[in-house]
Amino acid sequence: MIAILVALVGMTSAQASSLPTPRGEVMLTVSGDIARTNGDGVARFDRAMLRGLPQGTIVTHTPWTEGVSRFEGPLLSGLVDAVGGQGDSLHVVALNDFAADVPLSEARDYGVILAMRRDGEPMPVREYGPLFVLYPFDDHPELQTEAVRFRSVWQVSRIVVE
């Protein structure tokens, strides 16, 4: 009986330390101070896996788009929780290697999302996609600063939890 209980506890720990393997094209790789991975010390996410995370919706103007748009995607804080992130900053890297650091406390406080859809449509690379760090600019005027705009990385491909 004790051996079975020990085996079950061991399985639970192993299962808790890994994520499912992506079945589709990998859209995002997360590394750094993370506890849950799905290979080679990193966490890779396809579109379906990202949609399975806690989601957020932000309706706002941005400095880069015309008019008000509705953006949808996983909460950055939900992504960090899914990988068991232990850091307090997210080093976000774009397809062209542009990078910025997003404080995790800010991501949690403001419900920052990794936008995947704009006005109901997937965001192509030429229109800030496939993933875009997005803040609720209209809801919080204090976010309308150069520092926050700098952290609003588009064409996101990698995140390092630090």
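Within the largest nonpolar core, which has 42 residues, Leu28, Val30, Phe45, Leu76, Leu79, Val133 and Ile159 touch the most other members. A nonpolar core is here a set of buried Ala, Val, Leu, Ile, Met, Phe, Trp, Tyr and Cys residues joined through side-chain atoms within 4.5 Å. Helix H3 (residues 76-82) supplies the largest share of this core, 4 residues. In soluble globular proteins, nonpolar side chains tend to be buried together.

The model is predicted: local features need pLDDT of at least 70 and side-chain atom pairs count only at pLDDT 80 or more, whereas totals for chains, interfaces and linings use all residues. Residues are numbered from 1 along each chain as its sequence is written, and side-chain values use heavy atoms, with hydrogens and water left out.

Residues up to four places away in sequence aside, Val30 touches Val42, Ala43, Phe45, Leu79, Val83, Ile159 and Val161, a contact meaning heavy atoms within 4.5 Å. Over the chain, residues 24 or more positions apart account for 59% of the contacts with a separation of 6 or more. Of the 162 residues, 44% count as buried; buried means under 20% relative accessible area, exposed over 50%, and partly exposed in between (1.4 Å probe, protein chains only). The accessible surface of the chain comes to about 8,400 Å², and carbon and sulfur atoms hold 54% of this surface. Such areas come from the Shrake-Rupley method with a 1.4 Å probe, and for residues only the protein chains shown count as cover.

The chain contains 5 helices and 11 strands. Four strands form an open sheet in the order S3-S4-S8-S9, with antiparallel pairing. Its edge strands, S3 (55-60) and S9 (121-122), each pair on one side only. Two strands pair if DSSP finds at least two bridges between them; S3 and strand S4 (residues 69-74) are joined in the antiparallel sense over 6 bridges. One of the residues involved is glutamine 55, whose bridge partner in S4 is proline 74.

Strand S4 also holds serine 69. Is serine 69 buried or exposed? Serine 69 counts as buried because its relative accessibility is 2%. Its side chain makes a polar contact of 2.9 Å with the side chain of arginine 118 and another, of 3.5 Å, with that of aspartate 119. A polar contact is a pair of N or O atoms within 3.5 Å; within protein, one must be able to donate a hydrogen and the other to accept it, and residues adjacent in sequence count only if both atoms are side-chain atoms.

The whole structure has 5 salt bridges, each defined by a side-chain nitrogen of Lys or Arg within 4 Å of a carboxyl oxygen of Asp or Glu. In one of them, aspartate 97 and arginine 158 meet at 3.3 Å, N to O. Aspartate 97 lies in the loop between strand S5 (89-94) and strand S6 (99-103) and arginine 158 in strand S11, so the pair ties together parts that are 61 residues apart in sequence. Aspartate 97 is exposed at 56% relative accessibility, whereas arginine 158 is partly exposed at 37%.

Another salt bridge joins arginine 151 and glutamate 106, with the closest N and O atoms 2.9 Å apart. This pair links distant parts of the chain, since arginine 151 is in helix H5 and glutamate 106 in helix H4 (residues 104-110), 45 residues apart. Both partners are buried: arginine 151 has a relative accessible area of 15%, and glutamate 106 is at 13%.

Arginine 151 is also among the contacts of aspartate 101, which touches Ser89, Leu90, His91, Arg151 and Glu162, not counting residues up to four places away in sequence. Aspartate 101 lies in strand S6 and is partly exposed, with a relative accessible area of 39%. Its side chain makes a polar contact of 2.6 Å with the side chain of histidine 91. The C-alpha atoms of aspartate 101 and glutamate 162 are separated by 9.3 Å, although the two residues are 61 residues apart along the chain.

Notes:
Helix = DSSP H or I, 4+ residues; strand = E, 2+ residues; numbered from the N terminus.
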